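Please look over the sequence and the structure, then read on.

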Amino acid sequence: MNRRIFLKSILALSAGTGLCAIPDFTQAQEIARTVEESDLKDYLHRMENFDTPQPGDIILNKKERTLLKSSLNRLRRVQRTVGFGNFCVLSFDHALKFGRNYSSIGRFTKQEIEFLDKLFHFDAHEYGFYGEKPVEKLTASISRKDLIKIPRTGNFLYRGEPHKKYIEIRKELGRKVYLTSGVRGVAKQFILFLTKAEANAGNLSLASRSLAPPGYSYHGVGDFDVGEKGLGAANFSALFAETRTCTKLREHGYLQLRYPENNLLGVRFEPWHIKV
Ligand SMILES: [Zn+2]
């Protein structure tokens, strides 16, 4: 079964399990019937091995990888210049502007901008990523007045529901739990996604199995990640599921996950990701 047909079936299945809504449910059920059990097994196997290349993965060619490298390095120079925290919520246009204004960064070339633009508008379903796209515009910007900086984390949260939820979690679970990643603008999601792709020979599908492609991340609209102090980078691995913090999150009903175990959205299990 090719990915297109599989995608349709998966979307239909997801509608059935309430993971994501599609309009015509009867039609959805019909398509769902066409999913062979073996295809589902294939899919789940792919997701279990999310961090290794799989047949059919979309991989950049040599020329595109050169562009990946140069635009990623430029984004990293912007990040160094504006600071890690500020970069998290920087718009794409502002990143370009910093490139123009600071010789230490250097202007983004026409080819780099075209590459990033194309990547942003590419249909991530082709990668095998079946989540929705909450941020549709490459130039989307985040207003500072809607944000609250969370002390000692270098991260921001949206005022209102997300911030309230975080405060609640800290109150119930204690100081051991902390914000590991909050609001992320398009430029930040680019750095994360491209870093993962670069480290894996330009394999965009592989990157999309653990990081939403730019535009597809709910960190752009309110979701956030929490971790347990002392665990470091392992907060973003299966180890987190075994921590006291994760158990308590579950007990207190916070684990209505965006990406549950064996989800059909093409994303690995992420028990640290809090859906708002
Ligand atoms: Zn997350």
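Leaving aside its neighbours within four places in sequence, with which residues is Ile169 in contact? They are Val177, Val226 and Tyr254, where contact means that the C-beta atoms of two residues, placed from the backbone, lie within 7 Å. This is a predicted model, in which local features need pLDDT of at least 70 and side-chain atom pairs count only at pLDDT 80 or more, while totals for chains, interfaces and linings use all residues. Residues are numbered from 1 along each chain as its sequence is written.

**The chain as a whole**

- The chain holds 11 helices and 5 strands; helices (H or I, at least four residues) and strands (E, at least two) are DSSP runs, numbered from the N terminus.
- Of the 276 residues in the chain, 38% are buried. A residue is buried if 20 or more other C-beta atoms lie within 10 Å of its own, exposed if 12 or fewer, and partly exposed in between, with C-beta atoms placed from the backbone.
- Among the contacts in the chain with a separation of 6 or more, 70% are between residues 24 or more positions apart.

**The sheet and helix H8**

- An open sheet is formed by 3 strands in the order S3-S4-S5, with antiparallel pairing. S3 and S5 stand at the edges with a single partner strand each, so one side of each has no neighbour in the sheet.
- Helix H8 (residues 161-173) packs on the sheet and touches S3, S4 and S5. The direction of H8 makes about 145° with that of S3; such angles run from 0 to 180 degrees between N-to-C directions, and axes are lines fitted to C-alpha atoms, for helices over the stretch in contact.
- Strands of a sheet pair through backbone hydrogen bonds, either parallel or antiparallel. Two strands count as paired if DSSP finds at least two bridges between them.
- Strand S3 (residues 177-181) pairs with S4 in the antiparallel sense over 4 bridges. Leu179 has Val226 in S4 as its bridge partner, and Tyr178 has Gly227 in S4.
- S4 also pairs with strand S5 (residues 273-274) in the antiparallel sense, over 2 bridges. The bridge partner of Phe224 in S5 is Ile274.
- Strand S4 (residues 224-228) is largely enclosed by the rest of the structure, because 4 of its 5 residues are buried.
- Ile169 lies in helix H8. With 21 other C-beta atoms within 10 Å, Ile169 is buried.
- Ile169 and Lys248 are 79 residues apart in sequence, and their C-alpha atoms are 9.5 Å apart in space.

**Helix H4 and its partners**

- Two packed helices are described by the angle between their axes and the distance between the axes.
- The axes of H4 and H7 cross at roughly 100° and come within 9 Å. That makes H4 roughly perpendicular to H7; angles under 35 degrees count as roughly parallel, over 145 as roughly antiparallel, 65 to 115 as roughly perpendicular and the rest as oblique.
- Where H4 meets H7, the residues from H4 are Glu64, Leu67, Ser70, Ser71 and Arg74, and those from H7 are Gln111, Glu112, Phe115 and Leu116.
- The residues of the contact of H4 with H7 divide into 3 nonpolar, 3 polar and 3 charged. Here Ala, Val, Leu, Ile, Met, Phe, Trp, Tyr, Cys and Pro count as nonpolar, Asp, Glu, Lys and Arg as charged, and the others, Gly among them, as polar.
- H4 packs with H6 at an angle of about 85°, their axes being 10 Å apart. H4 and H6 are therefore roughly perpendicular to each other.
- Arg74, Leu75, Val78, Thr81 and Val82 of H4 make this contact with Ala95, Phe98 and Gly99 of H6. The residues of the contact of H4 with H6 divide into 5 nonpolar, 2 polar and 1 charged.

**Helix H9**

- Helix H9 (residues 186-198) has 13 residues and reaches 18 Å from its first C-alpha to its last. This is close to the expected 18 Å, the expected span being 1.5 Å times one less than the number of residues.
- The buried residues of H9 are Val186, Ala187, Lys188, Gln189, Phe190, Ile191, Phe193, Leu194 and Ala197.
- What covers these buried residues of H9 includes helices H4 (62-82), H5 (84-88), H6 (92-101), H7 (110-121) and H10 (204-210).

**Two loop residues with positive phi**

- Arg152 is in the loop between strand S1 (147-150) and strand S2 (155-158). Its phi is near 60°, a positive value in a residue other than glycine, and Arg152 is exposed, with 8 other C-beta atoms within 10 Å.
- Ala201 is in the loop between H9 and H10. Phi of Ala201 is near 55°, also a positive value in a residue other than glycine, and Ala201 counts as exposed with 12 C-beta neighbours inside 10 Å.
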